[in-house]
Amino acid sequence: MSHNPHLELDPKYDHYDFPTTAPEQQSGHPGHTTKEQDAAVFQLRTLLEQEGYTQNLDTLTMLRFLRARKFNVQMSKSMFTDCEKWRKEFGGGVDNLTRTFEYTEKAAIGKYYPQYYHKTDREGRPVYIEQLGKIDLEAMRKITTDQRMLENLVVEYEKLADPRLPACSRKAGQLLETCCTIMDMKGVSLWKAQEVYGYLQRASAISQNYYPERLGKLYVINAPWGFSGVFSVVKRFLDPVTVNKIHVLGGGYKTELLGQVPAENLPAEVGGSCHCEGGCQFSDQGPWKDPKYAKTPAWAKKEGEDHAIPATESHTGEGLPSGTAEKPAGTAKQPAGTQTQPAP
């Protein structure tokens, strides 16, 4: 178990095999909590135990849900239980989905919607890239369905939590719980924005509701004319903490972006100098591929193997209150091109 004198660990749930102290002294973050915040963790965990929950009650997970709701225990409890319910139902159960999902159509879909993790920023966090201007939902729906695209998104979130973030934390020597996101809007038009709004709204809801506190920084590059003005209005209604994470940049974004992500870690297509063999989009390069830092993710381990708890929501579907857990239905494997009813 990682030792952290500034984080009150629970021996029943906390068996981390990576650093547990957040790099910055921010209130409510691991290693920088007050006694009142520690008490909120205990209270939230106790309430969930009383309702029969047994999984994902580790301290790092509790803190993320509490931070997402400003340490309001009841609101955090509601968010957590909603998440557990969703995980049990989505894709036949998120835990089973993560173990069995095969996105055989990934290369074909990548032509119309590049979205991928690639190496790390200067703080050691995974870099996540989306090229929104290339989205062509009509073409994508001839290859796959909205549901499978969302399932792939969820599986990638699970892999961010484990093994990506734990490996990055081991390499950095400090706890990393967030990623650096780059959203390239080159080629985005009003018509295209309207076309993809429904899908992006569902994808965004999954991120906000079920994977709290995962955004470290967001760089919107090649922002079209007028976008900055719209954002200046919208940000008035956002939490100041969130606003400080977002950087809206036009075509002259390179200097600021390269200040956050080394050129050698950034794909050439978005302003860097990296040219991975086979394409950066499909390389999945990062500490999670380095044997010095990578470990088998908890969701991939067989029953009975040692499960050091990563900063993840793994096994959440298995931790529902007694009497409500069900065996995940169906299988996530599906041949490329098979058509099913798109998600509503």
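**Sheet pairing and nonpolar cores**

A: In strand 3, the bridge partner of Gln131 is Asp184. Strands here are DSSP runs of E, at least two residues long, and helices are runs of H or I of at least four, numbered from the N terminus. This is a predicted model: local features need pLDDT of at least 70, side-chain atom pairs count only at pLDDT 80 or more, and totals for chains, interfaces and linings use all residues. Residues are numbered from 1 along each chain as its sequence is written, and side-chain values use heavy atoms, with hydrogens and water left out.

Q: And in strand 4, what is the bridge partner of Asp184?
A: That partner is Ile221.

Q: How many bridges join strand 2 to strand 3?
A: Strand 2 (residues 126-131) runs parallel to strand 3, with 5 bridges. Strand 3 also pairs in the parallel sense with strand 4 (residues 215-221), over 6 bridges. Two strands pair if DSSP finds at least two bridges between them.

Q: Is strand 3 mostly covered or mostly open?
A: Mostly covered: 5 of the 6 residues in strand 3 (residues 179-184) are buried, meaning under 20% relative accessible area with a 1.4 Å probe, protein chains only.

Q: Changing topic, which residues have the most contacts inside the largest nonpolar core?
A: They are Trp86, Val154, Ile206 and Tyr211, in a core of 63 residues. A nonpolar core is a set of buried Ala, Val, Leu, Ile, Met, Phe, Trp, Tyr and Cys residues joined through side-chain atoms within 4.5 Å.

Q: Which helix gives the most to this core?
A: Helix 7 (residues 146-172), with 10 residues.

Terms used:
Buried < 20%, exposed > 50% of the residue type's maximum accessible area, 1.4 Å probe, protein only.
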